[in-house]
Amino acid sequence: MKSPIPDYLNALLEKARPIEDGMPAQYIKTLANADTSKLAVALVMADGNVYSAGDDKVEFSIQSISKAFVYAIAIEDAGLDRVLEKIGVEPSGDAFNKLSLHKGNNRPMNPMINAGAIAAHSLVVNPNATAEERTDRILKTMSRLAGRQLHVDEEVYQAELEDADRNMGIGYMLKAAGVISCKPDEAVKGYIRQCSINVNVRDLAMMAATLSNAGVNPATGEAIIPVDSVRQVLSVMTTCGMYDGAGDWVSRVGIPAKSGVAGGIIGALPGQVGIAAFSPKLNDRGNSVRAVAIFEQLSRDMGFHMMDVSQIARASVSTSVAKIVAGKEDPHHRNCDRSVVIFALRGAVRFAGSERLTRAIVRELGDPNPKDPGSGKHQDACAIVISLRDAFSLNAVARRVIHESIIRLLAEEKNVVVIDPNDVLKMDLGKLPTSQHPHIVQNEKEAREYIGGIGCSAVIQSDNW
């Protein structure tokens, strides 16, 4: 069986593809000439599993998405108290590149607008650091976050320098206000250089997933951002990450996010998933039109809104294998001495729990993967049992993902048994697209006897059954 999640992501892209509103950023020559047909999305789960679709290998400059991560670096290098002395945390309500400071204390309003981002860049390493030292620190950290070596796009960097007058003006304003102590042109050039780092959606989703995973890269296991810094960054992303569209974003999407004018958007849902989408055409707020649509659809379909409290709990998935031993009533049952694979869900199951179930099914029953010893080991199992005995509830998206997984198993002529004493699956067997149906039972005894005949038993081969 193949996971339904990549198919969903492809369908998501096709729904967004006809949207033709907006245009690429016009004030940077390289971005203005971007291929507007490009479209991609990626999800990285909190344990590092990656799903992506579309032009997921196409690279583009990170632009303002870098602000969130450089803010985290500044907090680590200078300390939160020092950073808060220099940069506020309030939404500005203004365009990202406006030349303005807070009237009461001359601080930039927040680190997600250009003034705050330039100030954050100046705090990296130490006050006496060179521009090269700051850039090197940022590039190395970004690469660790992405899980691969990233590079600066020199063409984008030079193109942005040609039209850097406004940012240079911001830099000198910050210097005059005492916010930065280094040379303004060095801070601005360093800021532009951090924005010119090339990434793809898989990189960005991994970086976002690191925020979701308490600062630990979920693929490499490396702790990169301290937990307290993650909380600060996600908080500011929630209120300020989408510029003057932040309020609308929080109410409609409900995921801490940051956008960039090359067309990328990241979202980090704490404890669950990192998300990235990319398409070059922007709306009048500087956010990718198609990427916004993708995030809105994902939030609705997957129940990703952070204020969704329809369920409170976590779900876990366990996999076990048992061998059928025929009973006296049917000693020559066809499933005698054959294996059964059991997938058990526990707790309140949302998207993350159903994704883990789907992944476990694919691993056990799919084609063997040379990089994953033991995968595909049970392709010839006589039955697949999905136990929902200890599942408190399934939300709508979890139910759809599990339904689709069952349908795909049936299409491959697998014998599927569901233990569902609390009727949480709610599957309409009359509307299945396959001639086969899953056999739904109340308990393990009924499942065993359906699979192996009356009086049969099961010998544990792994975990519990």
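Which residues of H14 are buried? In H14 they are Phe-351, Gly-353, Ser-354, Glu-355, Leu-357, Thr-358, Ala-360, Ile-361, Glu-364 and Leu-365. Buried here means under 20% relative accessible area, exposed over 50%, and partly exposed in between, with a 1.4 Å probe and protein chains only. Helices are DSSP runs of H or I with at least four residues, strands are runs of E with at least two, and both are numbered from the N terminus.

The model is predicted: local features need pLDDT of at least 70, side-chain atom pairs count only at pLDDT 80 or more, and totals for chains, interfaces and linings use all residues. Residues are numbered from 1 along each chain as its sequence is written, and side-chain values use heavy atoms, with hydrogens and water left out.

Helix H14 covers residues 351–365, and its 15 residues should span 21 Å at 1.5 Å a residue. The expected span is 1.5 Å times one less than the number of residues. The end C-alpha atoms of H14 are 21 Å apart, in agreement with that value.

Helix H10 comprises residues 201–212 and includes Ser-212. Ser-212 has a relative accessible area of 6% and is therefore buried. Beyond its neighbours within four places in sequence, Ser-212 is in contact (heavy atoms within 4.5 Å) with Ala-268, Leu-269, Pro-270, Gly-271, Val-273 and Gly-274.

The structure has zero disulfides, a disulfide being a pair of cysteine sulfur atoms within 2.5 Å. For Cys-382, the nearest cysteine sulfur is that of Cys-456, 9.4 Å away. Cys-382 is buried at 8% relative accessible area, and Cys-456 is buried at 9%.
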